[in-house]
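Visitor: I have a structure to look at and would like to learn how to read it, feature by feature. Could you guide me through it?

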Amino acid sequence: MKHFFSVRLLLTIFLALSLGFAGYSMYYKIKYWGFSLSPKQSANVWDIEAHITFTADNSPVKVSLGIPTKNKGFKILEENVTAEGYQTSKYADRIVFTAQNKTGEQDLYYKIIIFDNTWGKDKLKDKAPAAPKLPEFDEQKLAQARQIVKLSQKMSGNDAVEKLINLFNQEPLDSALKSYLPVQYAPKTKIEIMQELLAVEGIAARTARGLKLEEGQKITPDLMLEAYINGAWHLYDPATAKQGLPDNFLLFQRGGKSLLDVEGGIESTVKFSLQKSITSTMNLASRRANLAEKSGWFDHTIYSLPLAQQNTLKWLSVFPIGILLVVLMRNIVGVQTMGTFTPMLISMSLVKTGFVTGLTCFVAIILLGLIIRFIMSKLNLLLVPRISAVVIFVILIIHFLTFVGYNFDIKIAQASVFFPIIITAWVIERASITWEEDGPVNAGKELFNSLLVGIIVYFVIANDYIRHFMFVFNEFNLVILFVVMLLGTYTGYRLTELKRFAPLVKKGL
């Protein structure tokens, strides 16, 4: 008895350790590899191409393009450059093309492939800027700027930046602001003027450019205003004063530098093209691991195997949970089946054939097989030849059903080829022996129970979410292992036995 309890305690400890290990592994895979609980979880992958055009004037050319830096909103998968005859140099926030003595129309391409980084969304971190210097205004200009700052403080908004943007966007413009602004100005000039006014308030600000992730050709980046308030950079839409990184928006450039600088050429432009594709999170797992510098573990897992091997292991990974159900039904519920894992094989066959077609085909084969077995029992054959003859008859039955199904386009008959021949023959033999020894009622019960448990297991292992979970987080199979072993120490009553011993309880025995 002491040994029995020590084994149970040891298994309980191992179960707790396996639960901890599986839980941590699950957290690790979701955070660093991008795995999800849903088999239908997908990620948007964007191809973004910047097309630079200009006319070279037969002098040394230097083209500088602002590019995305480390971005918590999205992760960059790949970068490609197409610039024939140019040398390229990549820096933290810019890419530079250089060449000698180019003439005529020039086309340069910079392409990136990004995916949504849901774990780091809206976490735009950067170093704290130096205190902004007061703009070099004369006394009249400085007085006007301070007057506009005071006017903005009366506007609605959560902070000084929102209030200033709302002042610029009100209709009609305040006369003091109208006299301060130039007669004609571009959107970039408007943001630069806001930066000057914020500097008067002691707030550091800068221009940011971003792209709305919408499919299209020749897209122009949107200008945004970024300000350093309360120890962090905050992004503002100058058109609406809305704060925060918009949905599906890539910050392509941050800082006051120009997006494109061209030396040795004229009439320079940069246009963007965007194209979206959708892929599963599993397909991005290896790349996510590389970006998170966690590829060492990933390269030594089953997810780095070819897809054919992964598909095989995906089915093997769901087996343990089906086995657990069979153990629960036999040892806890007390359902008597034909063999321990006959229900598992039935359920796997149903997955391959489809529930209705497989069930119909299974019942037909078993009934025909039992009839043949009943006829053969009159011949008094030995056990091995008898079972072998049953196997041959099962093969012939499957041949017949497949032929009929093909010629009459009956899918039920065609599904018969998916049933394991040996296990089908053994079920027939086992049912016939039980029939002879315990009668047709017990044989029918065992057949019915085996089919019932097989159906229950089928609905579990055929579930896409369960199959996905058991493959992606296959460490939980270790948990199932120790649960099954703990169930092996159970010596109490089965649920079906409670009814059997109920009269003893009523009599007080």
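**Rings, helices and backbone**

Guide: The charged end of R206 sits over the ring of W233, 3.8 Å from its centre, where sitting over a ring requires NZ of Lys or CZ of Arg within 6 Å of the ring centre and within 35 degrees of the ring normal. This is a predicted model, in which local features need pLDDT of at least 70 and side-chain atom pairs count only at pLDDT 80 or more, while totals for chains, interfaces and linings use all residues. Residues are numbered from 1 along each chain as its sequence is written, and side-chain values use heavy atoms, with hydrogens and water left out.

Visitor: Which ring has the charged end of K141 over it?

Guide: That ring belongs to Y180, and the charged end of K141 lies 4.5 Å from its centre.

Visitor: How should I read a pair of aromatic rings, and how many aromatic pairs does the structure hold?

Guide: A pair of aromatic rings is described by the distance of the centres and the angle of the planes. Rings of Phe, Tyr and Trp (its six-membered ring) pair if their centres lie within 6.5 Å, and planes under 30 degrees apart count as stacked, over 60 as edge-to-face and the rest as tilted. The structure holds nine such pairs, and one of them is the tilted pair of F469 and F473, with 5.2 Å centre to centre and 55° between the planes. The rings of F469 and F476 have their centres 5.2 Å apart and their planes at 45°, so this pair is tilted. Elsewhere, ring pairs link Y24, Y27 and Y28 into a cluster.

Visitor: Is F473 buried or exposed?

Guide: Buried means under 20% relative accessible area, exposed over 50%, and partly exposed in between (1.4 Å probe, protein chains only). F473 is buried, at 0%, and F476 is buried at 17%, whereas F469, at 22%, counts as partly exposed.

Visitor: What is the angle at which helix α10 and helix α14 pack?

Guide: Two packed helices are described by the angle between their axes and the distance between the axes. Helices (H or I, at least four residues) and strands (E, at least two) are DSSP runs, numbered from the N terminus. An axis is a line fitted to C-alpha atoms, for helices over the stretch in contact, and angles run from 0 to 180 degrees between N-to-C directions. Helix α10 (residues 355-376) and helix α14 (residues 440-461) pack at about 160°, with their axes 13 Å apart. The two are therefore roughly antiparallel, since angles under 35 degrees count as roughly parallel, over 145 as roughly antiparallel, 65 to 115 as roughly perpendicular and the rest as oblique. The residues making the contact (heavy atoms within 4.5 Å) include F355, L359 and F362 of α10 and L447, L451 and I455 of α14.

Visitor: Which residues does S347 touch?

Guide: S347, in helix α9 (residues 342-353), is buried at 0% relative accessibility. Not counting residues up to four places away in sequence, S347 touches G454, V457, Y458 and I461.

Visitor: What should I look for in the backbone?

Guide: Most residues other than glycine have a negative phi, and most peptide bonds are trans. Here a cis peptide bond joins E171 and P172, with omega about -5°, and P172 lies in the loop between α3 (160-169) and α4 (175-180). N101, in strand β4 (residues 94-116), has a positive phi of about 50° although it is not a glycine, and N101 is partly exposed at 48%.
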